[in-house]
Structure formats: C-alpha cells, structure tokens
Amino acid sequence: MANYQNGSMLAPERPKLKPPRMFKVIIFNDDYTTAKFVVKVLQQFFAMNFERAEQIMWQSHNEGQSICGAYSRDVAETKISQVSTCALQNEQPLRCVMEAA
C-alpha cells in the first residue's frame with residue numbers, strides 16, 4: 001500500500017525481518033564409531049577440510065561431544081538426517097542431534 005505525504009508518494013514500508021533461529025548440530029563420542037568415519041562425515045556433510053574435521057573429531061573424543069556448526073532449523077534437520085543415514089548404512093552408531101543456539 002502506497003503512502004502519500006504532501007502530495008508525493010512515499011515508498012511502502014517494508015516489514016523488518018528477523019534472521020532465522022539458529023540450531024547447533026552436535027555429534028557425540030561413542031566407543032564404536034571410528035575416528036576415520038567421523039572425519040569423513042564432517043568433511044562430507046559439514047564441508048570441513050581434513051584438519052578442521054580432525055579437530056572436531058578429537059574434541060568430541062576428549063569432551064564427549066562437539067558442535068559441528070549452527071544452522072537454520074531445516075538445514076540442521078537435513079544434516080542430522082544425512083549423518084544418521086550415512087552412519088546406519090556404514091553400521092556406525094554415530095549420534096547427532098540439534099539444540100537451540
């Protein structure tokens with residue numbers, strides 16, 4: 001809807017959009033998933049280079065869990081689904097969840 005002021009037309013007001021709520025994707029350490037598999041998953045689904053993937057894998061190993069990244073809800077859900085499917089197909093019990101950032 002156009003606004004008129006002093007006989008001239010003003011640009012319509014645009015609603016202010018909030019950025020989407022972000023969610024952290026977290027992987028958990030377990031006693032069975034191989035380090036090599038975790039690194040492969042981090043590279044494949046989180047676009048990490050080898051060095052960064054190895055850092056995240058070691059953090060998960062040492063601290064019990066590690067954040068892979070923060071994403072909008074739909075992207076986080078997709079990544080979790082991809083990781084879970086890949087883990088199942090490779091008979092690895094790697095667990096991956098999301099929580100609000």
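This report covers salt bridges, cysteines, a helix pair, backbone angles and selected contacts in a predicted model.

The model is predicted: local features need pLDDT of at least 70, side-chain atom pairs count only at pLDDT 80 or more, and totals for chains, interfaces and linings use all residues. Residues are numbered from 1 along each chain as its sequence is written, and side-chain values use heavy atoms, with hydrogens and water left out.

**Salt bridges**

Side chains of opposite charge can pair when their charged atoms come close. A salt bridge here is a side-chain nitrogen of Lys or Arg within 4 Å of a carboxyl oxygen of Asp or Glu. The whole structure contains two.

One joins lysine 24 to glutamate 99, with an N to O distance of 3.2 Å. Lysine 24 sits in strand β3 (residues 22-28) and glutamate 99 in strand β5 (residues 95-100), so this pair ties together parts 75 residues apart in sequence. Helices (H or I, at least four residues) and strands (E, at least two) are DSSP runs, numbered from the N terminus.

The other salt bridge links arginine 73 and glutamate 77, whose closest N and O atoms are 3.9 Å apart. Both residues belong to helix α3 (residues 73-89). They are four residues apart there, which means a separation of about one helical turn.

The table gives each value.

| Residue | Relative accessible area | Class |
|---|---|---|
| Lysine 24 | 21% | partly exposed |
| Glutamate 99 | 38% | partly exposed |
| Arginine 73 | 42% | partly exposed |
| Glutamate 77 | 41% | partly exposed |

**Cysteines**

How many disulfides does the search of the whole structure find? It finds zero. The cut-off is a pair of cysteine sulfur atoms within 2.5 Å.

Two cysteines illustrate the gap. For cysteine 86, the closest cysteine sulfur is in cysteine 96, 11 Å away and so too far for a bond. For cysteine 96, the closest cysteine sulfur belongs to cysteine 68, at 5.5 Å, again too far for a bond. Cysteine 86 is buried at 7% relative accessibility. Cysteine 96 is also buried, at 7%.

**Helices α1 and α3**

Two packed helices are described by the angle between their axes and the distance between the axes. The axes of α1 and α3 come within 11 Å and cross at roughly 145 degrees. Axes are lines fitted to C-alpha atoms, for helices over the stretch in contact, and angles run from 0 to 180 degrees between N-to-C directions.

Side by side, Phe37, Val41, Phe45 and Phe46 of α1 meet Lys79, Gln82, Val83, Cys86 and Ala87 of α3. Contact means heavy atoms within 4.5 Å. The residues of this contact divide into seven nonpolar, one polar and one charged. Nonpolar covers Ala, Val, Leu, Ile, Met, Phe, Trp, Tyr, Cys and Pro; Asp, Glu, Lys and Arg are charged; the others, Gly among them, are polar.

Leucine 42 is also in helix α1. Its relative accessible area is 0%, so leucine 42 is buried. Leaving out residues up to four places away in sequence, leucine 42 touches Ile27, Ala47, Met48, Ala53, Ile56, Met57 and Cys68.

**Positive phi**

Most residues other than glycine have a negative phi. Alanine 47 has a positive phi of about 55 degrees, although it is not a glycine. Alanine 47 lies in the loop between α1 (35-46) and α2 (50-63). At 73% relative accessible area, alanine 47 is exposed.

Glutamate 91 also has a positive phi, near 55 degrees. Its place is the loop between α3 and β5. Glutamate 91 counts as exposed at 73% relative accessibility.

**Serine 72 and proline 20**

Serine 72 lies in strand β4 (residues 65-72). At 17% relative accessibility, serine 72 is buried. Which residues does serine 72 contact, leaving aside its neighbours within four places in sequence? They are Pro20, Arg21, Met22 and Phe23.

Proline 20 and serine 72 are 52 residues apart in sequence, yet their C-alpha atoms are 6.1 Å apart. Proline 20 lies in the loop between β2 (8-10) and β3. Proline 20 is exposed, at 53% relative accessibility. From proline 20 to lysine 36 is 16 residues along the chain, and their C-alpha atoms are separated by 33 Å.

Methods
Buried means under 20% relative accessible area, exposed over 50%, partly exposed in between (1.4 Å probe, protein chains only).
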